[in-house]
Amino acid sequence: MARNTIFAPGDSLTTVVTPPRVLADAHGRVARDLRMSLTDRCNLRCSYCMPADGLAWLPTPEVLTDAEIVRLLGVAVGLLGVRKIRFTGGEPLLRRGLAGIIAGARALRTDEGLPPELSLTTNGIGLDRRISELAAAGLGRVNISLDSLDPARYAALARRDRLDEVLAGLAAADAAGLHPVKVNTVVMRGVNESDVVPLAEFSLQHGYRLRFIEQMPLGPRHGWDRASMVPAAEILAQLRTHFELTPAPGRGSAPAEEWLVAAGDCHPAGTVGVIASVTGPFCAACDRTRVTADGQLRTCLFSHTETDLRTPLRAGADDDELAELWVGAHQQKAAGHGIGRAGFRPPERTMSAIGG
Ligand code: SAM
Ligand code: SF4
């Protein structure tokens, strides 16, 4: 909490305690979890996320430099009450300066006097070669995306034949002690529904925390429709045919609805999560704020407006000015994403360009 010493009438010294700034919105939520996108580029082309030919990548001068990213992280953590940072993209492992950015973030202190919690959402390719460096820099955890254990299906879905590298990345994160290792799976009808049970079994066997994610309208244009999306209820029904599930206590703002899985013949007890972003939105408990790789602040994945932090940053704005912009944007944060409501329009940027 900031303390300003001023002279009050009568010249006695008085300490005025300035309330800390937080990213509060008009719906009673406070954002403490920052998704920082490090690049819009990727070495995969997952069909629910990107067109086969990729996208028109951001020109390099528009992408924040490592120093600019660390500066914005400092504003978020030092002035705005952010306590967790998740690096994402595009594929964040493509960012050469990743370890330096992590080290810069690790040196920050939250309003509780602690380093922020640092995690990475990644497709896992090349993680095995970089994990020691990233862990030493202060990375705490990873979420690795894995949509199939079948090499042909993985290659068809990601449009690249790289399953072995992803599995090597998972094993390396586990060996480096970045626990809990989380796995993200997007389920697509007619594509990888038959992977639900094998992926859950594999994750339980390895002690990974798997979370199935409902496909959201954030991929290539016309690539999503509600009727063909696999809803959380269907994923759970499939899991129940093989596993004994009981609800895990305490959901908080975490998007995954967690289930405890009883030990079975070929797996120990563990947990599995289902993120019902579409059929059971958790917007009312959302504590996220997002910055794209080109320095645009978004208060929601589905926002149609962005607040430009890069231009003032490069024009010499001080930390307080950047913090005020950030606070002002959150005051306007929408109550929910509105998927399914009449007139819903997906955002102009797709998932990889926003930062998932
Ligand atoms: N490249 C990294 C990865 O794949 O983990 C980080 C970026 S990716 C955009 C972040 C997460 O968003 C991944 O778990 C991915 O599966 C998920 N994702 C991408 N498009 C999605 C969509 N249309 N609906 C739901 N999740 C999606
Ligand atoms: Fe790349 Fe991640 Fe999108 Fe797949 S989901 S195309 S790995 S950004």
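Helices α6 and α7 are roughly perpendicular to each other, because their packing angle of about 65° falls in the range of 65 to 115 degrees that counts as such. Please keep in mind that the structure you are looking at is a predicted model.

**The α6 and α7 pair**

Let's stay with these two helices for a moment. Helix α6 covers residues 196-206 and helix α7 covers residues 232-240, with 9 Å between their axes. Their crossing is right-handed. Which residues make the contact? On the α6 side they are V196, V197 and A200, and on the α7 side they are I235, Q238 and L239. Sorted by class, the contact of α6 with α7 has five nonpolar residues, one polar residue and no charged ones.

Two packed helices are described by the angle between their axes and the distance between the axes.

| Helix pair | Angle between axes | Distance between axes |
|---|---|---|
| α6 (196-206) and α7 (232-240) | about 65° | 9 Å |
| α3 (127-137) and α5 (163-175) | roughly 25° | within 8 Å |
| α1 (66-80) and α9 (319-331) | about 75° | 10 Å |

Now look at α3 and α5, whose axes cross at roughly 25°. Angles under 35 degrees count as roughly parallel, so α3 is roughly parallel to α5. The crossing of α3 and α5 is right-handed. Helix α3 brings L127, D128 and I131 to the contact, while α5 brings A168, G169, A172 and A173. The classes here are five nonpolar, one polar and one charged.

How are α1 and α9 arranged, roughly parallel or roughly perpendicular? Their angle is about 75°, and therefore the two are roughly perpendicular to each other. From α1, the contact includes R71, L72, V75, A76, L79 and L80. From α9, D319, D320, L322, A323, W326 and V327 take part. These residues of α1 and α9 divide into nine nonpolar, no polar and three charged.

**Two backbone details**

Most residues other than glycine have a negative phi, and most peptide bonds are trans. The peptide bond from H179 to P180 is cis, with omega near -5°. You will find P180 in the loop between α5 and β9 (182-187). The other place is R159, a residue other than glycine whose phi is positive, near 55°. R159 sits in the loop between α4 (151-158) and α5.

**The whole chain**

Finally, step back and view the chain as a whole. How many helices and strands does the chain have? Its secondary structure comes to 10 helices and 16 strands. The C-alpha trace spans about 80 × 45 × 45 Å along its principal axes. A compact globule of 356 residues would have a radius of gyration near 21 Å, and the chain has 21 Å, so the two agree.

How values were computed: Residues are numbered from 1 along each chain as its sequence is written. Chains are lettered from A and ligands numbered from 1 in the order in which they are written. This is a predicted model: local features need pLDDT of at least 70, side-chain atom pairs count only at pLDDT 80 or more; totals for chains, interfaces and linings use all residues. Side-chain values use heavy atoms; hydrogens and water are left out. Axes are lines fitted to C-alpha atoms, for helices over the stretch in contact, and angles run from 0 to 180 degrees between N-to-C directions. Helices (H or I, at least four residues) and strands (E, at least two) are DSSP runs, numbered from the N terminus. Angles under 35 degrees count as roughly parallel, over 145 as roughly antiparallel, 65 to 115 as roughly perpendicular and the rest as oblique. A crossing is left-handed if the near helix is turned anticlockwise from the far one by less than a right angle, and right-handed if clockwise. Contact means heavy atoms within 4.5 Å. Ala, Val, Leu, Ile, Met, Phe, Trp, Tyr, Cys and Pro count as nonpolar, Asp, Glu, Lys and Arg as charged, and the others, Gly among them, as polar. The radius of gyration is taken over C-alpha atoms; the globule rule is 2.2 Å times the number of residues to the power 0.38.
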